[in-house]
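User: I would like to learn how to read a protein model. Could you take me through one, feature by feature?

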Amino acid sequence: MANIGMTTSQMNKPSVGLFVTCLVDTFRPSVGFASIKLLEDAGCQVTIPEQQTCCGQPGYNPGDYESAAKVAKHTIPLFLDFDYLVAPSGSCAGMIKHHYPKLLKDEPEWYDKAKKLSEKTFELTSFLHDVLQVKPKSTGTVSSETYTFHDSCAGLRELNIKDQPRSLLKSFNNIEIEELQNTDECCGFGGTFCAKMPHISDAMVTDKLLAAEATGATTLLGGDMGCLLNIAGKASRQESNLKVRHVAEVLAGQLDAPAIGCALTSTKEPIK
Amino acid sequence: MNKVNFVERADIGLGDAPLQKNLSIFRNFSPLARAKTLARMDNVEQLRAWTKDRKNFSLDNLADLLEQFESEVTKIGGQVHWAEATGDLNQIVIDICQQQQAKKIVKGKSMVSEEAQLTHALIDAGFDTLETDLGEYIIQLAEEPPSHIIGPAIHKTFEQVVELFERHHPLGERDLPDAKAVMFEARQLLREKFLEADIGITGANYLIAESGTVGLVTNEGNGDLCSSLPKTHIVVTSIDKIVPDFDTAMAVQRLLVPSATAQDITCYTSFYTGPKRTDDADGPENFHVVLLDNKRSDILQSKYKDILRCIRCSACLNHCPIYTRTGGHAYGDVYPGPMGSVWTPLLNGLENNHDLPNACTTCNRCAEVCPMEIPLPDMLRDLRRDEQQAGLQPKRWTLGMKISMWLFRRPTLFRWTTKLTARFLKHRAMNTNAVKHLPVNNGWMEVRDFPAPEGDTFFERLKKQRK
């Protein structure tokens with residue numbers, strides 16, 4: 001089991017500090033445990049620094065750079081001693097990788113630390129695929145679901161995550177993705193945007209939901225809880241049958257929790 | 001100045017069924033078409049990097065290059081005029097028209113003239129002024145502002161255009177079955193106007209300092225008719241269009257056209273270098289270039305300098321998930337979409353436009369496609385920072401944000417907050433898997449449910465498992 005607050009690397013295993021993310025912590029703990037399983041199965045020594053909270057985007061994006069810098073300074077030391085920081089989110093990983101150094105550019109000591117952390121920060125699927133180049137322990141787990149995939153904007157454009165989750169789903173679960181029309185378009189979440197401009201956000205998420213349904217998929221997967229809560233929330237409001245899950249849950253084969261926001265009656269997914 | 005309420009205007013756009021039909025076609029077509037055209041070009045990324053450097057060089061040497069441009073234009077018999085504000089630009093153009101004792105003016109498309117509301121100013125001053133770009137002509141008939149910087153009338157459906165033509169053209173009963181027929185009718189009417197005009201006004205895509213040449217790309221050829229048939233040609237444009245040399249101009253053009261209309265090259269590429277020379281078969285007798293500053297010199301000295309690299313290609317509009325749903329009129333001024341959300345607050349004041357920098361999900365699609373690599377989402381974030389500092393963000397949001405950011409540095413307290421949030425929402429969802437209502441009114445719940453959390457938090461479960 002993963003360590004809390006320990007940073008020792010054992011038996012030359014790569015040490016990974018898991019940045020759980022505040023959304024996973026609060027709304028979808030299963031994703032955190034699926035991430036631990038995937039990383040441990042891939043041979044990592046996983047540690048979860050206890051003092052971690054949020055990456056600071058809620059302040060950074062509205063332009064409060066001072067408080068975002070303070071949160072960055074809170075987070076950076078917690079992860080500096082690991083070989084890697086891994087987060088089950090393109091958005092949070094992108095914040096730490098690209099925006100922490102920008103925020104701290106005028107404080108040389110902190111900037112160096114931010115740069116150091118930036119270099120070893122990865123989103124979960126890209127870490128498994130690109131860095132560890134994992135080979136699945138057992139292939140051929142097939143569910144009766146058909147899957148589509150939502151690329152989160154931060155994952156796609158800040159971290160170049162596109163093929164990695166698809167390739168892992170293929171090799172781990174023998175899943176082929178039914179691609180969405182306009183798959184590189186935002187789902188309308190955008191942090192506080194979705195609440196500040198709900199009608200525009202609604203038009204965007206409605207289109208995303210329609211595009212997902214048009215693929216014939218029964219489950220939409222994605223790598224970012226913000227997008228997934230948005231899409232699942234809209235699916236629930238529309239009484240759509242589309243199920244929404246984080247890709248880590250499927251990759252780890254941890255499907256005990258009902259799909260996100262899904263009606264309780266239709267959550268059981270028979271695994272062949 | 002109008003106080004823009006972006007959200008209210010966006011609601012009008014979202015509720016406009018014909019507009020939504022147009023936008024949905026546009027949204028599905030435009031990005032793919034651009035990508036296809038760029039894919040068959042060689043070394044796009046090198047071209048992009050080189051052109052960006054050259055544009056930066058142009059901005060760093062703006063004053064010198066503008067002086068060089070003026071001196072070259074003067075040498076070949078043209079005249080350069082400097083307009084500090086939009087009102088100055090309009091007055092300069094009106095003065096030239098009055099000196100020429102002009103009555104009729106034909107005009108090509110120019111976003112700077114839209115910025116200055118030049119056409120209105122000329123009509124108010126008594127000149128018969130006609131827009132000759134088909135899109136501009138349509139919105140002139142409709143008495144509407146442009147909704148896109150390249151396709152000013154993309155908000156209009158075919159049926160709406162036919163209705164406008166039938167209402168405004170005194171041609172009696174006739175059949176306008178398709179776009180070709182509509183275009184032909186416009187062409188017939190406009191041709192006469194070009195021949196009658198005393199003055200032709202065009203915009204510019206770039207100004208070449210080394211030769212005093214004005215470059216213009218069009219697809220309709222109306223620019224050439226405006227510039228060469230009337231006795232006087234007036235170019236209205238802004239100082240940020242200056243480039244040092246022909247090579248830079250061509251690099252700008254090679255990126256501009258695919259980014260704008262997914263073409264390899266536009267139907268017409270025109271270079272205007274001074275008035276008609278003695279041996280020339282045609283061309284204007286008088287050649288004027290009016291250069292607008294309108295705060296651009298201030299922007300050059302600010303952290304928003306990068307926006308001056310903008311070549312008005314519209315790629316950011318075409319790829320913006322918000323612009324392609326609200327349409328351009330929501331932005332309340334001539335420059336819509338991501339570039340407009342930067343330009344408009346800079347030109348007209350953040351206090352009048354504080355919604356615009358928030359009309360962004362930071363999805364970064366605009367920055368990815370911008371041929372000049374303008375970091376638009378970063379600039380919009382910087383503008384939101386300016387709003388924070390000027391107290392222009394809603395107090396409720398700022399307070400909530402400040403409290404959250406304070407909590408993020410207090411892990412123990414934060415753990416309690418997440419625990420309570422998870423419990424509360426799980427309880428509100430009751431036996432279902434989503435919260436349908438919350439006691440407080442908020443934008444999230446207005447349009448979607450909140451998926452129920454699992455109930456315990458990750459850190460609670462982790463602690464329990466470790467026992």
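**Reading the model, starting from one residue**

Analyst: This is a predicted model. Begin with one residue: leaving aside residues up to four places away in sequence, Thr218(A) touches Glu145(A), Thr146(A), Leu242(A) and Lys243(A).

User: Where does Thr218(A) sit?

Analyst: Thr218(A) lies in the loop between α11 and β7 of chain A.

User: Is Thr218(A) buried or exposed?

Analyst: Burial is judged by counting neighbours: a residue is buried if 20 or more other C-beta atoms lie within 10 Å of its own. Thr218(A) is buried, because 20 other C-beta atoms lie within 10 Å.

User: How far apart are the C-alpha atoms of Thr218(A) and Tyr100(A)?

Analyst: Their C-alpha atoms are separated by 38 Å, and the two residues are 118 residues apart along the chain.

User: How do I read a sheet, and in what order do the strands of this open sheet come?

Analyst: Look at the order of the strands, then at the direction of pairing. Here three strands of chain A form an open sheet in the order β6-β7-β8, with parallel pairing. β6 and β8 (243-246) of chain A are the edge strands, each pairing on one side only. On average, neighbouring strands of this sheet are turned by 30° against each other, direction ignored.

User: What packs on the sheet?

Analyst: Helix α12 (residues 225-237) of chain A does, touching β6, β7 and β8 of chain A. The direction of α12 makes about 170° with that of β8(A).

User: How many bridges join the strands?

Analyst: Take each pair in turn. β6(A) is joined by four bridges to strand β7 (residues 219-222) of chain A, and in β7(A) Leu220(A) is the bridge partner of Thr148(A). Four bridges also join β7(A) to β8(A), where Leu221(A) stands opposite Arg245(A) in β8(A).

User: What about the faces of strand β6 of chain A: which residues are on each side?

Analyst: Tyr147(A) and Phe149(A) are on one side of β6 (residues 147-150), with Thr148(A) and His150(A) on the other. All of these are buried, and both faces are covered.

User: How do I judge the overall shape of chain A?

Analyst: Compare its radius of gyration with that of a compact globule. For 272 residues such a globule would have a radius near 19 Å, and chain A has 18 Å, so the two agree. The C-alpha trace of chain A spans about 50 × 45 × 30 Å along its principal axes. Buried residues make up 62% of the 272 residues in chain A. The chain has 13 helices and eight strands.

User: How do I describe two helices that pack together?

Analyst: Two packed helices are described by the angle between their axes and the distance between the axes. Here helix α11 (residues 198-214) of chain A packs with helix α1 (residues 6-14) of chain B at an angle of about 35°, with their axes 9 Å apart. His199(A), Ile200(A) and Ala203(A) of α11(A) make the contact with Ala10(B), Asp11(B) and Leu14(B) of α1(B). By class, this contact has four nonpolar, one polar and one charged residues.

User: How many residues does each chain give to the contact between chains A and B?

Analyst: Chain B gives 60 residues and chain A gives 66 residues. On the side of chain B that touches chain A, there are 24 nonpolar, 18 polar and 18 charged residues.

Terms used. Residues numbered from 1 in each chain as written. Chains lettered and ligands numbered in written order. Predicted model: local features only at pLDDT ≥ 70, side-chain atom pairs only at ≥ 80, totals over all residues. Contact = placed C-beta atoms within 7 Å. Nonpolar A, V, L, I, M, F, W, Y, C, P; charged D, E, K, R; others polar. Buried ≥ 20, exposed ≤ 12 C-beta atoms within 10 Å, placed from the backbone. Helix = DSSP H or I, 4+ residues; strand = E, 2+ residues; numbered from the N terminus. Pairing = 2+ DSSP bridges. Rg over C-alpha atoms; globule rule 2.2 N^0.38 Å. Axes fitted to C-alpha atoms, helices over the stretch in contact; angles between N-to-C directions.
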